[in-house]
Amino acid sequence: MTDDKDVLRDVWFGRIPTCFMLYQDEITEREAEPYYLLLPRISYLTLVTDKVKKHFQKVMRQEDVTEIWFEYEGTPLKWHFPIGLLFDLHASNTALPWNITVHFKNFPEKDLLHCPSKDVIEAHFMACVKEADALKHKSQVINEMQKKDHKQLWMGLQNDKFDQFWAINRKLMEYPPEDSGFRYIPFRIYQVTTERPFIQKLFRPVAANGQLNTLGDLLKEVCPAAITPEDGEKKNQVMVHGIEPMLETPVQWLSEHMSYPDNFLHISIIPQPTD
Amino acid sequence: GVAEPAPPPAGSPVIEEPPEDTKKKIDVLLKAVGDTPIMKNKKWTVERTRTIQGLVDFIKKFLKLVASEQLFIYVNQSFAPSPDQEVGTLYECFGSDGKLVLHYCKSQAWG
């Protein structure tokens, strides 16, 4: 359907206006100007910030530069989470641009994984794609693909090539005609307020009676606290790619149209803004 | 500790365990790939919140591998979970017959 394909493009081309500023305690030879960049929601921080690194390294001494890392209001930003997820989770109800602080010292070992090269990002991305397919198709589709197809997924993401990416990814979104959807839906639910990193469980897109399970059904099952009670006040927003999908939306549709390139639905539960 | 050996079969002498905290634990079965050394004890009971990195460090110590040596962990012989992934979540999604089977290898086995 034309409309549904448009959703794929809207998701792919989503951008977040961001202002990068150097941490005040970094040693510089002259004042560091902020650096402005439109970040792709579907990508990863360390994949799209080479220019940011170059910009700030120009005002620093070589010996003061170790691995770059990013922080928002005191929270280290995990580069291995998609950018759109980080924004929705931490800053979606604040004024734009998103103000990110850049660090080159005191890497927070307990909070962040190291990212020594692009290969590490590729390995992480492909591992997520494989995990998603293990849930959707018992890994049958991803395993049937050749190495060059896997590479094409990564190159499509790295080079922001929608058609190149979806030529392969569409196969990961198919399912046998006799079924109504995937075996299980790859999803992760994040909340800043809880200790655990995210909720991920087995969840079928179709109920025992043949009805399509909805986003509301998913939340009821794995995160009931996120649902507003019948006559209660709405305390949370359930956000994917910066919007709140209707709770009646079938999760199969969400999985096919609003997953990130890693084939996971990354869902943020955030406090309802009070204004 | 990171992991405890799985309980001994019935009939054998009871081993005194240190006081457990209230976190639930899951059973993990570790399988060696290729010419990676095989662990004498393959079955372990691990806290749900233990990360893959924590498990890697534990296996390396147990096998007396050097810290700089790499160790890869695979689920379903198909994907390598992120180092910060919790074993409890992996067990929920990929466990079978009451345990999570993990393959470990000194080199990349399944990409």
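**A loop in chain B, and what surrounds it**

Reply: Let's start with D97(B), which sits in the loop of chain B that runs between α2 (87-94) and β5 (99-105). Keep in mind that this is a predicted model. What is the phi angle of D97(B) near? Phi of D97(B) is near 50°, which is a positive value, and the residue is not a glycine. Is D97(B) buried or exposed? D97(B) has a relative accessible area of 74%, and anything over 50% counts as exposed, so D97(B) is exposed.

Chain B has two helices and five strands. If you walk along chain B from the N terminus, the elements come in the order β-β-β-α-β-α-β. Of its 111 residues, 40% count as buried. Take the contacts in chain B between residues at least 6 apart in sequence: 65% of them join residues at least 24 apart. As for surface, chain B exposes about 6300 Å², and carbon and sulfur atoms supply 53% of that.

You'll find H241(A) in the loop between β7 (236-239) and α10 (251-257) of chain A. Here the relative accessible area is 10%; under 20% counts as buried, so H241(A) is buried. To put the pair together: D97(B) is exposed, whereas H241(A) is buried.

Another loop of chain A is worth a stop. The peptide bond from L96(A) to P97(A) is cis, with omega near 0°. P97(A) belongs to the loop between α4 (83-91) and β5 (98-103) of chain A.

And chain A as a whole? It has 10 helices and eight strands. Its radius of gyration is 20 Å, close to the 19 Å that the globule rule gives for 275 residues, so chain A is as compact as a globular protein of that length. The C-alpha atoms of chain A fill a box of roughly 65 × 50 × 35 Å along the principal axes. Buried residues make up 52% of the 275 residues in chain A. For contacts in chain A with a separation of 6 or more, residues 24 or more positions apart account for 71%. Chain A exposes about 13900 Å², with 50% of it supplied by carbon and sulfur atoms. Finally, chain A carries 31 positive and 40 negative charges, and their mean positions are 6 Å apart.

Conventions:
Residues numbered from 1 in each chain as written. Chains lettered and ligands numbered in written order. Predicted model: local features only at pLDDT ≥ 70, side-chain atom pairs only at ≥ 80, totals over all residues. Heavy atoms only, no water. Helix = DSSP H or I, 4+ residues; strand = E, 2+ residues; numbered from the N terminus. Rg over C-alpha atoms; globule rule 2.2 N^0.38 Å. Buried < 20%, exposed > 50% of the residue type's maximum accessible area, 1.4 Å probe, protein only. Contact = heavy atoms within 4.5 Å. Areas by Shrake-Rupley, 256 points an atom, 1.4 Å probe, with all protein chains shown as cover. Lys, Arg positive; Asp, Glu negative; His and termini not counted. Charge placed at Lys NZ, Arg CZ, Asp CG, Glu CD.
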